[in-house]
Amino acid sequence: MPPSMDSTKKLSIFLGKSVFALLEALTFTLIPKPRKNVAGEIVLITGAGSGLGRLLALKFARLGAVLVLWDINKEGNEETCRMAQDTGATRVYAYTCDCSRKEEVYRVADQVKKEVGDVSILINNAGIVTGRKFLNCPDELIEKSFDVNFKAHLWTYKAFLPAMIANDHGHLVCISSSAGLVGVSGLADYCASKFAAFGFAESVFMELFAQKIKGVKTTIVCPFFIKTGMFEGCTTGCPTLLPMLEPEYVVRKIVDAILQEKMYLCIPRFIYFVTVLKSIWPVKMVLALAEYMDFFSIMNGFVGRKKN
């Protein structure tokens with residue numbers, strides 16, 4: 001086939017797929033996409049001992065999922081387990097696991113496979129925040145941020161993705177952050193780790209698509225600060241556009257995105273516009289908007305979650 005005809009064919013295929021994608025998106029904007037049934041699915045949630053992870057566990061328990069709860073805090077994790085059982089969940093498994101340690105992730109993952117089965121929905125939710133400016137942050141805390149917020153995703157994917165591919169069935173959920181899309185003063189290590197988590201999840205999605213593996217879905221979540229205690233003391237200069245988010249609302253949106261198999265979820269919607277604006281506006285306009293919204297003082301009052 002002559003090069004010109006090959007190019008014409010490729011262009012026609014691209015335009016056809018684009019039109020179909022736009023029509024599909026428009027349809028699902030007007031008519032909500034059907035939600036999948038997760039009853040009986042094995043859902044593993046990291047950082048399940050408190051905050052967002054606990055609420056996600058309770059939500060999936062009500063949907064009839066089999067729960068596998070991971071957390072470094074044994075007491076908090078077991079409390080989540082009891083709460084899930086109180087909601088009617090019959091199969092809940094709690095494992096103490098330090099997700100920052102590769103060997104421990106692999107060891108506990110093998111235990112899960114033997115005792116529970118193949119994980120079909122993996123929610124990488126565990127995270128930490130130091131809340132210190134870059135030059136004031138000790139090296140070990142920077143390394144810990146990457147170990148928990150990003151590297152743990154590598155090891156859990158390595159542990160559970162092969163079975164999903166073999167079964168052509170699964171769902172990978174990355175809880176990133178709006179700070180994984182836009183740099184924030186006072187959160188250099190946190191932003192870097194969340195940018196990495198976002199890029200990694202997106203890259204694996206692309207790999208799976210290129211290999212024509214259609215049964216394994218991906219959802220990447222980028223919320224603004226949530227009132228779980230993790231960002232205690234932080235403020236927002238523009239609560240109308242960037243409110244501090246209620247945990248129950250965020251969990252409802254995350255679970256809904258998973259059930260509808262959405263690829264990206266930014267909360268609130270203004271985050272979508274921020275990512276576009278920073279790419280097309282002059283830098284000085286972006287900085288002026290950040291000053292107007294008191295974006296540079298968000299972390300000034302940070303105290304973080306109180307330790308038990």
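Start by selecting helix α4 (residues 102–115) and helix α5 (residues 139–167); helices here are DSSP runs of H or I with at least four residues, and strands are E runs of at least two, numbered from the N terminus. From α4, show K102, V105, Y106, A109, V112 and K113, which meet W155, T156, K158, A159 and F160 of α5; contact means heavy atoms within 4.5 Å. By class, this contact has seven nonpolar, one polar and three charged residues. Ala, Val, Leu, Ile, Met, Phe, Trp, Tyr, Cys and Pro count as nonpolar, Asp, Glu, Lys and Arg as charged, and the others, Gly among them, as polar.

A word on what you are viewing: this is a predicted model, in which local features need pLDDT of at least 70 and side-chain atom pairs count only at pLDDT 80 or more, while totals for chains, interfaces and linings use all residues. Residues are numbered from 1 along each chain as its sequence is written, and side-chain values use heavy atoms, with hydrogens and water left out.

Now look at the two axes, which are lines fitted to C-alpha atoms over the stretch in contact, with angles running from 0 to 180 degrees between N-to-C directions. Those of α4 and α5 come within 9 Å and cross at roughly 25 degrees. That makes α4 roughly parallel to α5 (under 35 degrees is roughly parallel, over 145 roughly antiparallel, 65 to 115 roughly perpendicular and the rest oblique).

Next, click on T156 in α5. Is T156 buried or exposed? T156 is buried, with a relative accessible area of 0% (buried is under 20%, exposed over 50%, partly exposed in between, using a 1.4 Å probe and protein chains only). Beyond residues up to four places away in sequence, T156 touches W70, V105, L122, N124 and L161. A polar atom of the T156 side chain also lies 3.2 Å from the backbone oxygen of H153.

Move on to helix α2 (residues 51–62) and helix α7 (residues 247–259), which pack at about 55 degrees with axes 10 Å apart. These two helices are therefore oblique to each other. Colour L52, L55, L56, K59 and F60 in α2, then their partners P247, E248, V250, V251, I254, V255 and I258 in α7. Here the classes are ten nonpolar, no polar and two charged residues.

Last stop: A89, in the loop between α3 (74–86) and β3 (92–96). A89 is buried, at 10% relative accessible area. Leaving aside neighbours within four places in sequence, A89 is in contact with A61 and A84. Select G64 too: A89 and G64 are 25 residues apart in sequence, and their C-alpha atoms are 6.6 Å apart in space.

Conventions: A polar contact is a pair of N or O atoms within 3.5 Å; within protein, one must be able to donate a hydrogen and the other to accept it, and residues adjacent in sequence count only if both atoms are side-chain atoms.
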